[in-house]
Amino acid sequence: MSIEQGTFVQKYDLLGCIQCGRCTGGCPVTVRTELNVRKFVNDTIEDDRLEELSEKPEIWDCTTCNTCALRCPKGLDPFEVLLGLRSMRAEEGNIQPTARDALESMFNNGNPWGKPAARRVDWMEGIEGVEKVRILEPGEKADVLIHICCTAAYDPRIMPLAKNLVRVMEAAGVDYGFIGVEEKHCGSEARRLGEEGLFEYFDEENTELFGRFDVNRLVCLSPHCMNTFKNEYQNLNLPVMHYTELVAELIEDKKLELKNEIAAPVVFHDPCYLGKKNNIFDEPRYILSQMPGVEPLEFLRSRERSLCCEGGGGKMWVESESKEQRLAETRIMDAKDLGAKIVAVSCPFCLLTLEDALKVKGLEEEMRVADILELLGEAM
Amino acid sequence: MSDIFVLAEHRQDELREVTLEMLTMAGGLGSPVTAVLFGSGVNDFADKCASFADKVIYVDDPTYENFNSAAYQAALVELIKAEKPGLVLIGNTGQGADLAPSLAVELDLPYSSDIIAVTIENDKPVATRQYYGGKIDGRIEFKDADTYVLAIREAATPAGEGGKSGEIVKTDNPVTTEITVKRFLEYVEAAIGEVDITQSTALVAVGRGIREDKNMPIMEELAQAMGADLAASRAVVDAGWLPQDRQVGISGKTVKPKLYLAVGISGAFQHVTGIKGADLVVAINKDPDAPIFQYADYGIVDDLFKVVPALTDKLKGMKG
């Protein structure tokens with residue numbers, strides 16, 4: 001190894017790796033794919049192998065669930081090496097067409113779903129009991145700025161989450177506001193699909209955009225947006241929260257009353273970007289425990305050991321070649337074995353992947369997957 | 001305008017329909033039509049062309065047993081120089097794309113590809129070419145020349161009835177030197193079962209509504225009766241009932257058929273994003289609130305196990 005070697009792993013702060021293998025040992029996707037993150041960290045130390053390594057299909061299997069980072073005894077983020085390899089591919093434009101289309105749409109439309117920017121506020125139509133969502137003017141004051149993720153803004157299945165978030169704000173008398181049609185993608189999925197440059201663009205754009213308003217905190221619907229605003233933006237001087245944190249606070253302060261029965265055994269599935277990445281485990285469980293009739297259950301694999309649904313890390317746009325059962329299906333079968341009637345989540349991607357798995361398993365009649373925001377809407 | 005040349009296209013002992021379409025199109029332009037046929041022992045093709053043309057130039061030579069763009073181009077150059085046609089029509093096909101632009105460049109002639117209609121104005125051709133997925137028709141005029149080359153899209157005009165009896169002129173191969181730059185090796189057939197659903201004109205897309213693997217045959221039967229290919233939602237692919245290359249949606253393929261029949265598909269956003277290029281969407285679902293009906297042009301709210309067999313029977317009956 002020459003003195004110049006190892007600059008790549010250094011960039012991702014992985015020279016401290018001792019090759020113990022705890023990362024690969026805990027990696028949930030190893031049951032489905034060839035991915036061996038420990039070996040990638042080892043091999044990428046040779047700069048002249050980077051090209052070859054970046055062409056391995058399994059670099060796209062990582063869901064960035066953070067399990068490897070939690071298990072690393074040296075406190076490293078091993079999966080970052082895979083994002084680095086993806087960015088080599090993205091730089092050459094040599095990525096899967098589905099990922100390319102998503103990235104193009106992020107740049108052109110401000111969302112990965114190929115939808116026009118002008119339709120971003122469609123979700124505001126017809127919210128029960130809410131006449132008008134408060135859109136902030138530049139310079140306007142508010143306690144909370146809500147951030148609706150691209151998926152909630154455009155996917156009709158997820159729109160009810162955004163509607164219910166507004167209903168909660170109104171019911172609890174929160175001084176909130178929304179950006180409106182100018183809101184755009186957070187850049188999280190751009191970065192995970194390897195487009196560092198595009199991520200930096202969103203970092204600058206959104207920092208400027210949020211800076212126009214006189215708000216105390218940013219509350220995100222999706223843990224993915226929250227994570228990137230909170231941990232990856234360079235100059236955003238705004239406290240960032242997930243909606244579960246705010247709602248738990250509102251319930252504790254008796255500002256939000258939950259009176260309708262849910263009456264079902266409910267198991268909470270920890271979204272990786274909420275739990276494993278940001279240590280928010282208790283707030284969602286607290287909210288559920290305050291809903292009348294809810295019988296809380298726990299997965300064997302919960303909290304730090306929670307099983308990833310495979311919706312993150314850009315995986316909504318990139319399929320694995322694996323024919324093995326999806327982790328979301330395993331999760332649904334675990335929930336069934338527990339006797340759960342509702343699998344509660346607090347992330348749009350988890351909702352979509354788990355609901356798909358429910359269909360694949362043909363269990364739509366027996367159980368349902370619901371976001372905590374939907375359950376709040378029913379309980380209010 | 002002087003004569004119109006139409007290059008006859010054939011492959012694996014079959015005269016391609018585009019030949020008759022182009023001869024029909026040329027017949028409506030008011031100039032004598034000459035079919036140019038390169039082949040080896042294909043008298044029946046010459047006869048067929050003669051029934052659509054005023055004249056057939058038939059070069060019967062083993063060189064032309066299989067298509068070779070270099071050989072065709074060399075021969076066409078000689079024939080065009082000798083006969084001086086006003087217009088040369090070549091199919092906008094795999095063969096035509098290999099030949100026509102290169103021919104036009106060699107003879108420095110005006111050329112346009114993928115033409116759907118031609119008229120003659122002031123003794124010059126004016127061609128129509130589509131843009132933006134067929135939303136706009138472009139009018140193409142050409143600089144003055146003695147001869148123009150156009151590649152004509154397949155199925156742009158229907159082939160007529162024929163009924164002419166053109167003279168068949170057997171001509172010696174105008175190219176005497178051997179073509180070595182390109183050689184025909186073999187035909188490689190696409191493996192059976194491999195279907196590229198992004199190219200399908202009609203798709204029957206199967207969703208979880210079919211419940212079980214053993215219900216797939218009724219879908220296959222419907223697709224066959226429609227002349228359609230099978231596609232699927234992600235859930236059906238995950239269940240292993242159809243291969244991944246049939247998956248439509250955000251993490252699968254984006255398709256653009258003329259007809260997309262969604263059967264038992266609820267219409268998740270991630271799925272319907274993949275069908276935005278479809279001309280006509282028809283949905284069959286027992287749930288009237290299924291989101292697919294927001295995207296469908298027509299919908300049938302009923303049990304697919306009743307609708308699909310009835311539809312298949314009806315289609316079979318129509319075919320007779």
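Figure 1. Residues are numbered from 1 along each chain as its sequence is written, and chains are lettered from A and ligands numbered from 1 in the order in which they are written. This is a predicted model, in which local features need pLDDT of at least 70 and side-chain atom pairs count only at pLDDT 80 or more, whereas totals for chains, interfaces and linings use all residues. The model scores ipTM 0.72 and pTM 0.72. Taken along the principal axes, the C-alpha atoms of chain B fill a box of roughly 70 × 40 × 40 Å.

Figure 2. Chain B is divided into domain 1 (4–171) and domain 2 (197–319), with bounds that come from an automatic or database domain assignment. The centres of domain 1 and domain 2 of chain B, taken over C-alpha atoms, are separated by 39 Å. Of the 320 residues in chain B, 42% are buried; a residue is buried if 20 or more other C-beta atoms lie within 10 Å of its own, exposed if 12 or fewer, and partly exposed in between, with C-beta atoms placed from the backbone. Ile292(B) counts as buried because 26 C-beta neighbours lie inside 10 Å. Although Ile292(B) and Gly267(B) are 25 residues apart along the chain, their C-alpha atoms are separated by 4.1 Å.

**Figure 3. Helix pairs in chain B.** Two packed helices are described by the angle between their axes and the distance between the axes; here the axes are lines fitted to C-alpha atoms, for helices over the stretch in contact, and angles run from 0 to 180 degrees between N-to-C directions. Helix H5 (residues 216–226) and helix H9 (residues 304–319) of chain B pack with their axes 9 Å apart, at an angle of about 30°. That angle makes H5(B) roughly parallel to H9(B), given that angles under 35 degrees count as roughly parallel, over 145 as roughly antiparallel, 65 to 115 as roughly perpendicular and the rest as oblique. The crossing of H5(B) and H9(B) is left-handed, a term used if the near helix is turned anticlockwise from the far one by less than a right angle, with right-handed used if clockwise. In a second pair, the axes of H3(B) and helix H4 (residues 94–107) of chain B come within 10 Å and cross at roughly 45°, and these two helices are therefore oblique to each other. H3(B) passes H4(B) in a right-handed crossing.

Figure 4. Helix H9 (residues 159–171) of chain A has 13 residues and reaches 19 Å from its first C-alpha to its last, close to the 18 Å expected at 1.5 Å a residue, where the expected span is 1.5 Å times one less than the number of residues. Buried residues of H9(A) include Met159(A), Leu161(A), Leu165(A), Val168(A) and Met169(A). H9(A) is followed by Gly173(A), whose phi is positive, near 65°. H9(A) packs with helix H17 (residues 372–379) of chain A at an angle of about 50°, their axes lying 8 Å apart, and the two are therefore oblique to each other. The crossing in which H9(A) passes H17(A) is left-handed.

Figure 5. Lys254(A) is found in the loop between helix H13 (243–252) and strand S5 (264–268) of chain A, and its phi is near 55°, a positive value in a residue other than glycine. Lys254(A) is exposed, with 8 other C-beta atoms within 10 Å. Asp253(A) has its place in the loop between H13 and S5 of chain A and counts as exposed, with 9 C-beta neighbours inside 10 Å. In chain B, Lys84(B) is in the loop between helix H3 (69–83) and strand S4 (87–91); its phi is positive, about 50°, although it is not a glycine. Lys84(B) is exposed, with 11 other C-beta atoms within 10 Å.

Terms used: Helices (H or I, at least four residues) and strands (E, at least two) are DSSP runs, numbered from the N terminus.
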